[in-house]
Amino acid sequence: KQWYQRRVAITAGNLDTVLGEHAVHNDLKSNALDSLSDALSPFDGVIVTSKHGAAFLQANKINLCERAVGVVGPSTGRLVEDYIRGSAGPRPTTVLIADNASDLADQIIATFPRSLSWVYLCGNKSLDVLPEKMEGEGIGLHRMEVYHVGKKAGLDSALLAALSRVEFNIAVFFSPSGVYYTAALLSQHLSSSCVLVAFGKSTAAAVDECFGGRFTVRVCRRPTPQSLCETVLAKPGDVDC
């Protein structure tokens, strides 16, 4: 009963399945290269950290055969594994799936020789934690920007309309971009008793940066729907979500 009495605001960042037309718009781009295969041929491993990177793999039929693959997030991991299963030829040598970018970097460092070179299929808002960790260990990493994240027109007015109708007790953020694009507005209109829920560590860091400790913050233990439900339903004062 208590769950149904709660008001939950979802600020989805780039997850259009949650906020639909209010989501941040991402344009996949095929990259201005004569041959993606040639561009990727020098690299021993491929890193994908979002569903948009996975979509780029599929749209451009990127060959992962006999390469190592590193993926962030269970949902993105399923997309990449589905793509691999549907591809012809040999499978990748290894597929690592981690809950966040920092953990993926640690797994790569612990699993592979430093001599391997990697390409990171990222967006224009990609964070530095994974490249900094890998490059700090002397591992070659090349960033290839394959999608663009931008704030969709009308997001502010849509949020204002929702905030004017009801006082929310919980706001959920699924990505750092979701925080950056909504923090200024939400800071002015959310009640000080509102609880902010971050889907992962990177998103939690963005929440801390933008809201400066003004609200109670909870972080999902894992980036999964089950963990999100547990975190939202946690009793006040629970910190191990």
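Tutor: Leaving aside neighbours within four places in sequence, Thr76 is in contact with Val48, Thr49, Ser50, Lys51, Ala54 and Val71. This is a predicted model, and the contacts should be read as such. Thr76 itself sits in helix H5, which covers residues 74-86. Its relative accessible area is 8%; because the cut-off for buried is under 20%, Thr76 counts as buried.

A second residue can be described in the same terms. Ala204 belongs to helix H10, residues 201-211. Its relative accessibility is 8%, so Ala204 is buried. Not counting residues up to four places away in sequence, Ala204 touches Ala198 and Val219. Between the C-alpha atoms of Ala204 and Val217 there is a separation of 7.9 Å, with the two residues 13 apart along the chain.

Helix H10 also packs with helix H9, residues 176-189. The angle is about 25° and the axes are 9 Å apart. Angles under 35 degrees count as roughly parallel, and H9 and H10 are therefore roughly parallel to each other. Their crossing is right-handed. On the H9 side, the residues in contact are Pro176, Val179, Tyr180, Ala183, Leu186 and Ser187. They meet Ser202, Thr203, Ala206, Val207, Glu209, Cys210 and Phe211 of H10. Sorted by class, this contact of H9 with H10 holds nine nonpolar residues, three polar and one charged.

Methods. Residues numbered from 1 in each chain as written. Predicted model: local features only at pLDDT ≥ 70, side-chain atom pairs only at ≥ 80, totals over all residues. Heavy atoms only, no water. Helix = DSSP H or I, 4+ residues; strand = E, 2+ residues; numbered from the N terminus. Buried < 20%, exposed > 50% of the residue type's maximum accessible area, 1.4 Å probe, protein only. Contact = heavy atoms within 4.5 Å. Axes fitted to C-alpha atoms, helices over the stretch in contact; angles between N-to-C directions. Parallel < 35°, antiparallel > 145°, perpendicular 65-115°, else oblique. Left-handed = near helix turned anticlockwise from the far one by under 90°. Nonpolar A, V, L, I, M, F, W, Y, C, P; charged D, E, K, R; others polar.
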